[in-house]
Amino acid sequence: MDKPLRIALTKGRLEKDTIGLLEKIGYDCTQVREKGRRLILPIGGANIEVVLAKANDVITYVEHGVCDMGVVGKDTIMEMQGKFFEMVDLGFGKCKFALATKKGSKFYGGYNVKTIATKYPNVTRNYFESKGMDVEIVKIEGSVELAPLLELSDAIVDIVETGTTLKENGLEVIEDVCPISARLIVNMASMKMRQSEIEAFVKLIEENIGG
């Protein structure tokens, strides 16, 4: 038997949603559900192994070919910009990138260069370049909402799901940047070497998403 197809899953909610999808297809995911501290787990009844990783690492593992496939958010794909095939929009993990400011503040207008705080400098840079705007970007690791409150930035670009955190901190969305959801990605070499296996798996995924 060939070595198992290896699929890296983003730990947390995307992991749970993906396992639910795999079970809907008919795969036995008991070992993954009862993982304990294990990070590499077999899927019962299929020649597939699951690797549990952080989002950025999912892309690294797929890009370097140690995993054939991965499930990761579009946000991470846009920020990391790796080399792989983006195969399927899985339809879960939905949220959006948005531009937000302090409530009532005027963002557009004036000649001064705006400062934007974000955890996603590449996404932010690309967005404002597409608008023909020159901005200064400050990378924040923690709660990006603090930056405009402390007057470190004029606005933030961040992932917004419900908007509750923004509202509670006196911020408001002034523009949606783009929608986000989970995607199935595939290593380029794996797609050539194991094309029939991967295409069969992708077909099963496509037939079972949504609904």
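Me: What makes two strands a pair here?
Reply: Two strands pair if DSSP finds at least two bridges between them. Strands (E, at least two residues) and helices (H or I, at least four) are DSSP runs, numbered from the N terminus. The model is a predicted one, in which local features need pLDDT of at least 70, side-chain atom pairs count only at pLDDT 80 or more, and totals for chains, interfaces and linings use all residues. Residues are numbered from 1 along each chain as its sequence is written, and side-chain values use heavy atoms, with hydrogens and water left out.

Me: What makes β8 an edge strand?
Reply: β8 belongs to an open sheet of 5 strands with mixed pairing, in the order β8-β7-β9-β6-β10. The edge strands, β8 (135–139) and β10 (171–180), each pair on one side only. Neighbouring strands of this sheet are turned by 25° against each other on average, direction ignored.

Me: Why are β4 and β11 called paired?
Reply: Strand β4 (residues 69–73) and strand β11 (residues 182–186) have 5 bridges in the antiparallel sense. The rule asks for at least two, so they pair. Gly-73 is opposite Ala-182 in β11.

Me: How do you know which way helix α1 runs against β1?
Reply: Axes are lines fitted to C-alpha atoms, for helices over the stretch in contact (heavy atoms within 4.5 Å). Angles run from 0 to 180 degrees between N-to-C directions.

Me: What makes a residue buried, and how many are?
Reply: Buried means under 20% relative accessible area, exposed over 50%, and partly exposed in between (1.4 Å probe, protein chains only). Buried residues make up 45% of the 211 residues in the chain.
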